[in-house]
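Hi,

Here is the structure I promised to pass on to you. Please open it alongside this note.

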Amino acid sequence: MALTFDDGPDPTWTPQVLDVLRRHHVKATFFVVGTQALDHPDLVRRILAEGHEIGLHTLTHVDLGTAPEWQRRLELREAQQVLVGVTGETTALLRPPYSSDNSAVDDALLSAMRSAADGGYVTALATRDGEDWRRPGVDAIVRNITPSGRAGEVVLLHDAGGDRSQTVAALDRALPVLQADGVRFETLSQSVGMAGAMSPASPLDRLTADTLVGVLRFSDWLIAVIGAVLVLSGIVTALRAVLVVGAAARHRRDRARHQPGEPVLEPVSVLVPAHNETAGIEAAVRSIAASTHPVEIIVVDDGSTDGTADLVESLRLPGVIVVRKENGGKPSALNEGLRHASHDLVVMVDGDTVLEPDAVHALVQRFADPRVGAVSGNTKVANRGGILGRWQHIEYVIGFNLDRRLFDIAECMPTVPGAIGGFRRSALARVGGVSDDTLAEDTDLTMALARDGWRVVYEDTARAWTEAPASLGALWRQRYRWCYGTLQAMWKHRGALVQSGAAGKLGRRGLTYLLAFQVLLPLLAPAVDVFALYGLVFLDPLRVLLVWLVFLAVQLAMAVYAFRLDDEPIGPIWTLPLQQVVYRQLMYLVVVQSVFTAAAGTYLRWHRMDRYGSLRVPVASRVDA
């Protein structure tokens, strides 16, 4: 009788099987899986050292009958090389996974056996199946491996692939009984008189095998690392979902319970920095002039060459001042506007932004709290007609605006967007105005105000409509500048991590959040996506697909909640699954490029946004000259 064991080696059950065989002086044949042998090389060497022999059970326990020819060859070749790398020997014995006796051979398995024979392998099936894989009980396994006559038998058992305690117990009970009945146990090759089933590998084969083993062990380590990254990314993503949704709910409750005090009615200076903004400046200025709150509008023409200043002056709108200056960048234009401002409360608006009539009034009401130094408005995407516009619209609603509610609750707002933001002039004066140290002057300014002790809050009812990039190239340039500038600002204000008060909240809450969710998570995401693709092809596609569907379900739930908070129709959400596949990857790559650019110390120049002239003033907001 030839005892054979499939699916090992296993660190729990193979040693116990070997102990039973040694106790009863029985030699057997072990058909090992390559990946298992790679994980437990000492067990493979112990099998040979104790006089047993080894056959192949493929590299990854693949069904050779259903596998294409290239995969059959690969599975056998790599499994053989693993065996050589671990033991220095080759084997000619093969048992295909999911096979048993001759009656189980169909056309597909026969084709695989013939293909293996062409490669020099002898396929060894079984004459008696112990059926221990069913876990039928020790008595049943003993009956299954006990021969009914005196003919030779090849018995199929398993030393891995599950709980094999019944197999071990059945062996320990059956072997002495069978030996007493005259059964002689030999290895498979001995039982059929096959010489040279195992032989030493050549030096070249050993070198090739050692190289493969090294590569496979590295890949195992890499997959383990990526798996850990996948788990970490999942935890971080779930944590962010809980944080932002919980904060948004609290933000809504707090606003509902808030009892408004005396309304803020003092006039406001609205600063509009403009450089070559003829495509949208008329709509922007007309919308501001139609505000329900008293405003002074200061358009600072920053060296435009397209007649921006002339266009604004030609509108002849009351309360609009045009200031012309040489081109010096947006921070210098804003600082110039501050020097001409007449009022203590200032609203900064980009030249490609249209305000709703009550946006300024809603924004400045938060200044009733003397601790507030700046207020972020609610920026909306105006040109959301195409697929790229819809994706950015979704990002603004469930990304930027949900985050701002969280930052408001946590008192660590890192950015008041350039599209619409309110400020106290006294607070701006204390921090030295708008700095040009970074490419994200709005983030730099907001962090400076927080470090100076001011509260920065979010007013979701102060809505502004802005033009989003309409091409992938323009989008890339915009987000690259934003991300790089944010990294600059985070580095500039890293000292907030060890400060107290409002500065400490910005550092330990705001900067930590930005680092975790806007830097580290995007850096990990490409590896996670590659691992997901690997899993779809080589591992368990159903499990990978299930994980992705769960992730998508979380995103959809967040999207629906965020859209309802912003009083937005949920129609565009149907594009979210595709956004997660395409748009999200693009944004992650932007972060990767920005981080590498920053790490290399490369200076990134300012990229101007393309203007499309898609902004329109609502009918109720039009003011005639």
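Below is what I found in it, grouped by topic.

First, the ground rules. This is a predicted model, so local features need pLDDT of at least 70 and side-chain atom pairs count only at pLDDT 80 or more, while totals for chains, interfaces and linings use all residues. Residues are numbered from 1 along each chain as its sequence is written, and side-chain values use heavy atoms, with hydrogens and water left out. Helices (H or I, at least four residues) and strands (E, at least two) are DSSP runs, numbered from the N terminus.

**The sheet**

An open sheet of 8 strands runs in the order β12-β11-β10-β13-β16-β15-β17-β14, with mixed pairing; two strands pair if DSSP finds at least two bridges between them. β12 (320-325) and β14 (353-355) are at the edges with a single partner strand each, so one side of each has no neighbour in the sheet. From one strand to the next the twist averages 30°; axes are lines fitted to C-alpha atoms, for helices over the stretch in contact, and angles run from 0 to 180 degrees between N-to-C directions. β14 pairs with β17 (residues 455-466) in the antiparallel sense over 3 bridges, and Leu355 stands opposite Ala464 in β17. Helix α11 (residues 308-315) packs on the sheet, touching β10 (268-274), β11 (295-302) and β12, and its direction makes about 160° with that of β12. Contact here means heavy atoms within 4.5 Å.

**The cores**

A nonpolar core is a set of buried Ala, Val, Leu, Ile, Met, Phe, Trp, Tyr and Cys residues joined through side-chain atoms within 4.5 Å. Buried means under 20% relative accessible area, exposed over 50%, and partly exposed in between (1.4 Å probe, protein chains only). The largest core has 65 residues, and Leu271, Met348, Ile398, Leu402, Phe423, Met447 and Leu449 touch the most other members. Helix α14 (residues 387-410) gives the most to this core, with 9 residues. Beyond its neighbours within four places in sequence, Ile398 is in contact with Arg240, Met558, Ala559, Ala562, Phe563 and Leu576. A second, separate core of 48 residues includes Val44, Ile141, Leu157 and Leu178.

**Helix α5**

Helix α5 (residues 107-118) has 12 residues and reaches 17 Å from its first C-alpha to its last, close to the 16 Å expected at 1.5 Å a residue; the expected span is 1.5 Å times one less than the number of residues. Leu109, Ala112, Met113, Ser115 and Ala116 are its buried residues. Seen down the helix axis, they fall within an arc of 160°, so they line one face of α5 (the arc is that of the directions from the axis to the C-beta atoms). These buried residues pack against α4 (69-87), β5 (93-94) and β6 (122-123). The face turned away carries the exposed Asp107, Arg114 and Asp118.

**Backbone points to check**

The peptide bond from Gly8 to Pro9 is cis, with omega near 0°, and Pro9 is in the loop between β1 (2-6) and α1 (13-23). His25, in the loop between α1 and β2 (29-32), has a positive phi of about 55° although it is not a glycine. Thr58 also has a positive phi, near 70°.

Best wishes
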